[in-house]
Amino acid sequence: QPALPIYHAEDVANHNNKEQGVWVTYKDGVYDVTDFLEMHPGGASRLMLAAGGAIDPFWAMYQQHQNDEIRSLLEGYRIGSLAGGQDMSQQVADPYSHEPQRHPALIVRSQKPFNAETPAALLIGKLYTPNDLFYVRNHLPVPAVDLAAYALRIEGEGLRTIELSLKDLQTMFKRHTISATLQCAGNRRIDMSDLKDIKGTTWAAGAIGNAEWSGVTLKDVLEYAGLDESSETDAEHVQFEGLDSDMEGVCYGASILIEKAINKGADVLLAFEMNGRPLSKDHGYPVRVIAPGIVGARNVKWLSRIIISKEESQSHWQQHDYKSFSPNTDYDTVDWDSAPAIQEPNVTSAICSPNNHEAVTTSEGMIPVKGFAYSGGGHSIVRVDVSADGGKTWTVADLRSVPAKRSRAWSWSLWEAEVPAPAAQRDIEIICKATDNAYNTQPDSVAGVWNLRGVLNNAWHRVKVQVTD
Ligand code: MTE
Ligand code: MO
């Protein structure tokens with residue numbers, strides 16, 4: 001094999017545009033990625049940030065690159081090596097240097113950014129999920145927060161711009177506590193990726209949790225900043241920004257409809273406590289949005305800015321993610337603008353005990369089954385049906401729910417049932433499905449709801465067990 005040409009940092013730096021060609025370095029390798037630009041899953045513009053320089057710092061931020069498949073893909077574009085002793089990666093600070101300690105029982109789906117779910121068996125013990133076992137869904141490094149410098153900025157259509165410290169929030173407004181479930185739109189994605197490959201964090205059923213959140217209402221704070229219910233405003237959205245940001249300085253962001261801020265019954269909080277404790281670093285210290293009945297993604301953590309606007313958030317996560325499409329839509333055909341951003345999630349449920357592939361013993365022919373059920377938009381769960389014979393017969397489960405006001409059922413229900421096992425059958429599939437108070441219920445198969453992002457999977461949940469008595 002002929003030796004690869006040697007290049008100097010200067011040569012690489014000159015190839016920082018499409019005309020000259022786009023080169024990058026990784027360790028001592030030099031790569032011409034011009035032809036790969038349009039294929040980059042994160043978009044050509046993200047890759048262009050590294051043009052003419054090292055990709056090492058970017059890979060430190062976006063650690064989904066750190067695998068053999070991607071390293072060998074990159075090798076395919078190798079054109080040379082850096083002259084000896086030259087290193088373009090410099091010494092970059094680890095963007096993940098502020099990550100907190102985490103509970104060892106969490107099932108880690110990705111380290112950097114940190115994504116981890118609650119083991120199913122631990123989800124169903126209590127109506128309130130313990131803080132350190134509550135799933136964590138971060139898209140970026142946990143930001144460093146200096147409380148002395150922390151100021152929540154509030155601005156936009158019809159408002160005077162104000163800044164509030166944590167202390168201001170805690171002392172100037174009435175304190176409220178609500179019980180609400182948070183669920184990632186990707187919860188139960190694993191059943192979708194089993195059917196057909198999906199790019200996205202794997203989640204079994206544990207990207208959900210319920211907590212008691214304390215803080216002040218978004219409504220009170222916006223009114224203090226000048227929002228007037230009766231005034232004519234053409235603002236339609238409330239945007240939220242987090243302190244966490246990427247290499248471009250782009251922060252995490254999302255928005256909800258302004259009705260959720262104006263209506264008293266929407267209960268949207270700027271929360272600083274979770275189950276009676278200050279928010280932890282992973283869950284958004286010092287302040288996060290709790291938009292009950294609305295998908296996890298809009299519950300912005302490490303809240304830094306609130307903007308009232310005509311436009312919804314232009315963030316990647318509002319515009320190009322957390323949307324669902326037809327099962328036949330794929331990345332080469334998707335028109336992101338054709339679907340609305342997910343707000344209120346659909347009705348879902350899952351079996352948390354027994355586990356998939358667990359051996360179970362029956363007692364008088366019955367199998368004990370436990371799980372959760374949840375619906376967005378303040379819909380309460382009215383029924384959970386469980387079957388062990390493929391849906392021929394169903395047993396109605398006993399529900400345990402947090403008491404809630406009409407149309408403001410923000411929390412999940414836990415349930416349990418004793419289900420008759422089909423006689424003389426060892427391998428059994430147990431199924432559950434929930435129905436909410438609008439009589440929304442779950443579809444039987446994943447195939448009909450499969451979508452390229454793997455979101456909102458609410459097909460009947462199924463676990464396979466083996467009877468061993
Ligand atoms: N807020 C910020 N600032 N950054 C994030 O990455 N992730 C969102 C949301 N808020 C996120 C965020 C998503 S997708 C979910 S599901 C929830 O936070 C998860 O909240 P948790 O980690 O407290 O469970
Ligand atoms: Mo999420």
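Tutor: The model is predicted, with local features requiring pLDDT of at least 70 and side-chain atom pairs pLDDT 80 or more, while totals for chains, interfaces and linings use all residues. Residues are numbered from 1 along each chain as its sequence is written, and chains are lettered from A and ligands numbered from 1 in the order in which they are written.

Of the 20 residues around ligand 1 (C-beta atom, placed from the backbone, within 6 Å), those that come nearest are His139, Cys184, Gly242, Tyr252 and Gly296. Two elements give two or more residues to this shell, namely strand S9 (136–137) and strand S14. Helices (H or I, at least four residues) and strands (E, at least two) are DSSP runs numbered from the N terminus.

Strand S14 spans residues 237–245 and pairs with S15 in the antiparallel sense over six bridges; pairing requires at least two DSSP bridges. Within this pair, Gln239 lies opposite Ser255 of S15. Five residues separate the two strands of the hairpin, and Gly249 adopts a positive phi near 80° there. Strand S15 covers residues 251–257, and five of its seven residues are buried, so the strand is largely enclosed by the rest of the structure. Buried here denotes 20 or more other C-beta atoms, placed from the backbone, within 10 Å of a residue's own; 12 or fewer is exposed, and values in between are partly exposed. Over the chain, buried residues account for 43% of the 469 residues.

Elsewhere in the strand inventory, an open, antiparallel sheet of four strands runs in the order S20-S22-S26-S25. Strands S20 (348–353) and S25 (398–401) each have a single partner strand and stand at the edges, so one side of each is left without a neighbour in the sheet. The partner of S20 is strand S22 (residues 366–374), joined to it by five bridges in the antiparallel sense. Ser349 stands opposite Ala373 of S22.
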